[in-house]
Amino acid sequence: MKTTTRLKLPPAVKGNWFFGAGIDFALDPISFLNKHRDTQGGIYMVPSRAKNIMVVQDPELVKYMLQDNNKNFIKSFGYDVLAMLLGKGLLTSEGDFWRKQRRMAQPAFHKERLNSMVNAMVNCTNEFMEKLEAKRGQVVDLSKEMSHVTLHIVATSLFSSNVEDVVDTVAQEMDIAQGLAIERISNPFKLPVWIPTPGNLKEKKSIALLDKVMMDIIEKRRNDPNKYDDLLQMLMEVKDEDTGEQMSDRQLRDECMTIFLAGHETTALALTWLWYILDNNPAEIDKLRAEAETVLQGNNPQVEDVMKLEYTRMAIDEGMRLFPPAWAIGRRAVEDDEIGGYRIPKGYNIIVPVYHIHHDPKIWDDAERFIPERFRKGNLKDKHRFAYFPFGGGPRLCIGNNFALMEMQIVVAMMVTRFRFKHVEGHKVVLDPLITLRSKFGMQVKVE
Ligand code: HEM
């Protein structure tokens, strides 16, 4: 533990005399963090009655927290709430337990394993496009549509195709449980879980149903003599290198639920925002379409095509710079620490505003413009590792980053030659920064 008592706390931003600045932060975090990005240094305090919050916005200091001294910064409030749904899965566990689980799950996301999932991704996208054909000329909520396709892709990659009948139930219940979890995070006055309010009962019911569905799938698989080429099979078979231990049914349930949740909403949002940007940048659509036509020649994408979809990948990267689905990362200091010459007392909550770093004009020229060329190989070499980090960083880096990138390249390349989504006039697009960066009123578009 560091001796930090001689150090000062980071400078505090001014706020309401009674509530502190925390209330402004809670009401509109995007504007709040925007306002203070350019006037504060790399780290500052947000005095608040409810919780002690600090913001770390300098890439080098972010590196210290997420990478160099990551053991001292565990996941903070919000993750506790998610744990009600996800148990001790990868996203919500900590310490040695997390390390063991990560070691065991990692091989399931290796490149060769991912390559075997291309077909599932292509088939789900084709099925999805068939359904979308029927909606040509109609107005749809694109965020729901994108959620639909990414949910089917993650479900098929996890459980193969023998769970079609339960996918919709899982989607529906997960939506309810997640919605209620978000409400709990954003509303400090919500009554504790053990009080039987209608909302709490609904949440419990959804989680119980999800538990049953997941446990049934696992039990069925345990008794199935066939071998499947999916994530569940891999997670079931993997043995811990040191102890030879395998995952219990409960652990499998937690990991599957985690992959289900972490693996579909973020990807759906990245796609939704990208279509939104493209609608305002028709020249970019032309470039994507030209690349898809040249590479695919009207065929379904194969593994080797994915690497050739270079511009598509650059557009996806740039889309996640402007609209990072994980718009902020939260941590809590386990012990006293020092960041940027300031004292970080044990127990303080720290927010890393990914969105604001991605939009920082000190880091990015013409920061608000969509310029995929920024991401051409070699163009990022002067940028800090934590100038762009939509998948986080350090040991807790998103385990599904390559899965998501491959999936998005496939979905975009397949769809861009057939569809265009026109933003419905008058429909307001307002950022809604909950756990992920959603659009407050969905994304109303006309399918063309
Ligand atoms: C565009 C899509 C995605 C984005 C932007 C994204 C973003 C992130 C971020 C920022 C983290 C780190 C959170 C933190 O440090 O607090 C994370 C963790 C994680 N993500 Fe993703 N993710 C995406 C897709 C996926 C997919 C497709 C999967 C699974 C198939 C997945 C599974 C996970 C898991 C299991 C973790 C926890 C890893 C650990 O702590 O060991 N994610 N994700």
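**Threonine 150 and beyond**

Biologist: Where is threonine 150 found?
Modeller: Threonine 150 is found in helix α8, residues 142–159. Keep in mind that this is a predicted model.

Biologist: Is threonine 150 buried or exposed?
Modeller: Threonine 150 is buried, because its relative accessible area is 0% and buried means under 20%.

Biologist: What does the side chain of threonine 150 reach?
Modeller: The backbone oxygen of histidine 264, at 3.1 Å.

Biologist: Which residues does threonine 150 touch, leaving out those up to four places away in sequence?
Modeller: Threonine 150 touches His264, Thr267, Ala268, Leu271 and Glu407.

Biologist: New topic, the ligand. Which residues come nearest?
Modeller: There are 28 residues around the ligand, and Tyr79, Trp98, Arg102, Arg331 and Cys398 come nearest.

Biologist: Which side chains have an N or O atom 2.8 Å from a ligand oxygen?
Modeller: Tryptophan 98 has a side-chain N or O atom 2.8 Å from an oxygen atom of the ligand. Arginine 331 also has a side-chain N or O atom at 2.8 Å from a ligand oxygen.

Biologist: What about the backbone of leucine 90?
Modeller: A polar backbone atom of leucine 90 is 3.3 Å from an oxygen atom of the ligand.

Biologist: Which elements give two or more residues to the shell around the ligand?
Modeller: Those are α5 (95–105), α12 (249–279), β5 (329–333) and α17 (401–416). The largest share, six residues, comes from α12.

Biologist: Why would nonpolar side chains be together?
Modeller: In soluble globular proteins, nonpolar side chains tend to be buried together.

Biologist: Pick phenylalanine 260. What does it touch, beyond residues up to four places away in sequence?
Modeller: Phenylalanine 260 touches Leu151, Val154, Ala155, Leu158, Phe159, Val170, Met174 and Met214.

Biologist: Switching to α15. How many residues does it have, and how far does it reach?
Modeller: Helix α15, residues 310–322, has 13 residues. From first C-alpha to last, α15 reaches 19 Å, close to the 18 Å expected at 1.5 Å a residue.

Biologist: Is α15 mostly covered or uncovered?
Modeller: Mostly covered: eleven of its 13 residues are buried. Among them are Tyr311, Met314, Asp317, Glu318 and Arg321.

Biologist: What covers the buried residues of α15?
Modeller: The cover includes α12, α13 (282–296), α16 (354–358) and α17.

Biologist: How far is isoleucine 30 from tyrosine 355?
Modeller: They are 325 residues apart in sequence and 8.3 Å apart in space, C-alpha to C-alpha. Isoleucine 30 touches Tyr355, and its contacts beyond four places in sequence also include Trp327, His356, Leu431, Pro433 and Leu437.

Biologist: What is tyrosine 342 in contact with, leaving aside neighbours within four places?
Modeller: Leu7, Lys8, Leu9, Pro10, Pro11, Ile43 and Asp337.

Biologist: Last topic, phi. What is the phi of glutamine 297?
Modeller: Near 50°, a positive value in a residue other than glycine. Most residues other than glycine have a negative phi. Glutamine 297 lies in the loop between α13 and α14, and at 58% relative accessibility glutamine 297 counts as exposed.

Biologist: What about aspartate 366? Where is it found?
Modeller: In the loop between α16 and α17. Aspartate 366 has a positive phi of about 50°. At 44% relative accessibility, aspartate 366 counts as partly exposed.

Conventions:
Residues numbered from 1 in each chain as written. Predicted model: local features only at pLDDT ≥ 70, side-chain atom pairs only at ≥ 80, totals over all residues. Heavy atoms only, no water. Near = heavy atom within 4 Å. Polar contact = N/O pair within 3.5 Å; in protein donor to acceptor, adjacent residues only side chain to side chain. Helix = DSSP H or I, 4+ residues; strand = E, 2+ residues; numbered from the N terminus. Expected span 1.5 Å × (residues − 1). Buried < 20%, exposed > 50% of the residue type's maximum accessible area, 1.4 Å probe, protein only. Contact = heavy atoms within 4.5 Å.
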